[in-house]
Amino acid sequence: MATYLEINKKQVNEEKWEEPFYLNMGPQHPSTHGVLRLFLELEGETIVNCTPIIGYLHRGVEKLAETLNYNQTIVLSDRLDYIASAANNTAFALAFEKLMGLEVPRRAKLLRTIVCEMARICNHLLWLATHALDIGAMTVFLYCFRDREWLLNIYEKICGARLTHTYVRVGGVRQDFTQEIIDELYKFTEEFPSRIYDYETLIDVNRIWLKRTKGVAVVPAEDAINLGLTGPVLRGSGVPYDVRKFRPYDAYGEVEFIVPTGKNGDTYDRYRVRMEELRQSNRIIRQCLDKLPETQGEPVVAENAPDLLMPEKIRKPEPKPVPKKGVIFKGEEIPVVPPGEAFASIESPKGELAVYVVSDGSNKPWRLRVRTPSFVHISAIPYMAKNHLIADLIAIIGTLDIVLGDSDR
Amino acid sequence: MEELLNELKEKFSSVIIEIQEKDYPTLICKRSGFLDLMKYLKEEKGFKYLIDLCGVDYLDYKYKNFEERFEVVYHLYNLDTKILLRLKVRIPEKDCWQYSVTPLWETANWFERECYDMFGINFKGHPNLKRILMPDDWEGHPLRKDYPVYLEEEQEWKTYKELKEKVKQQS
């Protein structure tokens, strides 16, 4: 990256020139949670400039989706944010349902909400574990993974997969919960609030934790909106924007929960917001479980949901009085999916995940656009890291909660 | 909602071609004067949050009723009134550029870079327009409809080809 150097040399008088120190952080750095590369310009230990370079995990999901049919596309969504794949599935399914005009049964909505909130708990537990580990608190890591394991086991009972579960699908969900799963979830919701309390006692008033997080990477509310930050990062700055409340989807309209917000917009506030969200998620799961018996026996997939193997074109037979033998079947071609466009967004654990889909009447999307929270959050790193120490950069990456599969797509 | 649309239609009659009622109100705009409309929306009407900016390639699209090949789609959101607006600007292939909205929304910076990377649409006034997801020396724009999903061997990425040959020689 000689270009940066040349530009700087021109700007400053050559005689007085003191070369800044350049440092490449990543792409193989354990605390960048994937393959993120940060090009740093340092003055001593202070970051003067920071350039994130992404694209190392680019798999071309948007291009691939144009070659697969709608149900197959959901499988791709698992691989975006692989920590909370249920949330991704839901975003895709919601957009496709809007496009096709499907009405999802209430039971499926409740099941989706449960699965989404489980994904949120999984994600926040993993975030807390790695964020604390990066900053130097080892113990939390082990406890968090213990509880995440519990949820992953429940996931395994629900759909057979632990991480990439294509459980939510167009028009509903794949299958109903068994009584065993419901019992297990009740047990989990009963036990979990005390576990959150355990984590808090470990780090909440820990002097090192406070020193590393309070006043680090402060983002005022106005700037946070302008930078496009969403999710807990935005709420940490005091803006109560939550898609679950602002544009309710699935069963979020009928459950009660609070949207926690921070005050100062620093790393500590974002931590507090996420801890509170864990409690709210637990509450939502509990409410949905209580509502499940009301819908006992209902179908979990919409009636006219598309088959897993969608045909290219559906043919409408021509009305003929008596078909003769050997007549070639001719008919009118009907679009499988009505042509048009749809936009749906959800509150994924990391922020707002939006899907914009354009259809041309065939069984494959013409264009599928995914707006992922991590992509936007990484673009905010230069703003947040300015005039901070390198050690704080680790805390910033942690507090943004980024996954590179999500940002590179 | 109705009031806002009527007001916009009156005030920017030369910019807005059409207002469509879809899942969200959709404004189809001309390129000239588009920045004024965006500035008005952000500063006067409180659309402070740009959810998404993306490109769409309409090459050989069956239900197309316009000439231009590309479309740039904006999704704007007002956090106070909870109104979501979709704006579209059509861009011809030969004159492939659009005004950058990065001075208004900082978010647009990377979205526009991605749009340039994937579709080859130039954004005038962007501070740092270069590829973001693909490598810097990549040829072509992957999300265009005439770009193949699987590349032939001759069209492979140059750097990768050189690396392959190097490995062959050493082993």
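## Chain B as a whole

Of the 171 residues of chain B, 33% count as buried, where a residue is buried if 20 or more other C-beta atoms, placed from the backbone, lie within 10 Å of its own. This is a predicted model, in which local features need pLDDT of at least 70 and side-chain atom pairs count only at pLDDT 80 or more, while totals for chains, interfaces and linings use all residues. Residues are numbered from 1 along each chain as its sequence is written, and chains are lettered from A in the order in which they are written.

Chain B holds four helices and seven strands, which follow the order α-β-β-α-β-β-β-β-α-β-α from the N terminus on; helices (H or I, at least four residues) and strands (E, at least two) are DSSP runs, numbered from the N terminus. Taken along the principal axes, a box of roughly 70 × 35 × 25 Å is filled by the C-alpha atoms of chain B.

## Helix α2 of chain B

In helix α2 (residues 34-43) of chain B, the buried residues are F34(B), L37(B), M38(B) and L41(B). Because they cover an arc of only 95° around the axis, they lie on the same side of α2(B), the arc being that of the directions from the helix axis to the C-beta atoms. Among the elements of chain B that cover these buried residues are β2 (25-29), β4 (70-77), β5 (84-91) and β6 (97-99).

## Where the chains meet

The contact between the chains takes 33 residues from chain A and 29 residues from chain B, two residues being in contact if their C-beta atoms, placed from the backbone, lie within 7 Å.

Technical notes. Buried ≥ 20, exposed ≤ 12 C-beta atoms within 10 Å, placed from the backbone.
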